[in-house]
Amino acid sequence: EGNTNIQVVRKLSLGGTTVCFDGLRSGSIDLYPEYDGTAYTIHLGHTERIRDPAMVYSAVKREFEQRFQMTWTAPFGFNNYFALAMPQPLAQQYGIRTVSQLAPLSNRFVFGTTNEFMGRPLDGYVPLAATYGLQFRAVRTMMTGLRYNAIQANDIQVMDAYATDAKLRTFNLLLLEDDKGFFPPYNGAMIIRTDTLANHPELLNLINRLGGTMNNELVRSLNYRVEVLGQGLEEVARDFLRSHGLVPTPGPG
């Protein structure tokens, strides 16, 4: 909006990736940010493991254009990969740093996760447990934000997490290494309907200016400002865009 005459209608908190993607396919939304690893497994249905981020992005970009008439913008630069997390002291007590090391001890712990992660058929809990032989004492599903309170209260001892979660540091959690390469890369980018680009061709070059501007540490710090410090989404986003010269900075007075 700061660089074009386009007025954006924001539809926030729509839910999981399937809701957003269905909205894009139906035309009820024109663009949304997604992860190429999610698109590769969930939307395209691929089951083969590819760890090379460039190959995953290339395949997703090509197939989305062919199958869905949708365009992927340049990757933002961060990889918000899935991981299992547990409290640092507990991991040190049992000598756990990888998911393989967790597996034979998993029956001692309760796992907390979200309904979405439980239901993901290709990169969710069920295939992950089968790959590593995880057999937790119990599995509890809960809202995303409640996992951290549950792990702090020791109601659960292991949880799924994202690499850019702001609360990892706050709650002193260790991300376990995915040593079998179960999860694909999850590089963020924007998906835009091709017919939207036909009507607004300036969009692609504009959003591509975000390419390579973010890394995991930066995104974690931005999330920290919102989730922990309670700052507004628009304020944090605007500060980031201004710091990269992507929107005008107001003059004094």
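Q: How do the residues of the lining of the second largest pocket divide into nonpolar, polar and charged?
A: In this predicted model, where local features need pLDDT of at least 70, side-chain atom pairs count only at pLDDT 80 or more, and totals for chains, interfaces and linings use all residues, the lining divides into eight nonpolar, one polar and two charged residues. The classes count Ala, Val, Leu, Ile, Met, Phe, Trp, Tyr, Cys and Pro as nonpolar, Asp, Glu, Lys and Arg as charged, and the others, Gly among them, as polar. Residues are numbered from 1 along each chain as its sequence is written, and side-chain values use heavy atoms, with hydrogens and water left out.

Q: What makes a residue part of the lining of the second largest pocket, and which residues are they?
A: A pocket is an open set of points on a 1 Å grid over the protein atoms alone, with protein on both sides within 12 Å along at least five of seven lines, and a lining residue has an atom within 4 Å of a point. The lining residues are Arg51, Pro53, Asn79, Tyr81, Phe82, Ala83, Leu176, Asp178, Phe183, Pro184 and Pro185, around a space of about 170 Å³.

Q: What makes a space a cavity, and how many of 30 Å³ or more are there?
A: In a cavity a 1.4 Å probe fits but cannot get out, and the count comes to one of 30 Å³ or more. The largest cavity holds about 60 Å³, and its lining includes Tyr40, His46, Arg51, Phe183 and Pro184. By class, that lining has five nonpolar, four polar and three charged residues.

Q: Why are H2 and H3 called oblique to each other?
A: H2 (residues 36–43) and H3 (residues 53–68) pack at an angle of about 55 degrees, with their axes 9 Å apart. Angles under 35 degrees count as roughly parallel, over 145 as roughly antiparallel, 65 to 115 as roughly perpendicular and the rest as oblique, and H2 and H3 are therefore oblique to each other.

Q: Which residues of H2 and H3 meet?
A: With contact meaning heavy atoms within 4.5 Å, Asp36, Gly37, Ala39, Tyr40 and His43 in H2 meet residues of H3 that include Pro53, Val56, Phe64 and Phe68. By class, this contact has nine nonpolar, two polar and two charged residues.

Q: At what angle do the axes of H12 and H13 cross?
A: The axes of H12 (residues 216–227) and H13 (residues 233–243) cross at roughly 150 degrees and come within 9 Å. Leu218, Leu222, Arg225 and Val226 in H12 meet Leu233, Glu235, Val236, Asp239 and Phe240 in H13, a contact with six nonpolar, no polar and three charged residues.

Definitions and conventions:
Grid points are joined across faces, edges and corners, and a volume is the space filled by probe spheres set on the points. Axes are lines fitted to C-alpha atoms, for helices over the stretch in contact, and angles run from 0 to 180 degrees between N-to-C directions. Helices (H or I, at least four residues) and strands (E, at least two) are DSSP runs, numbered from the N terminus.
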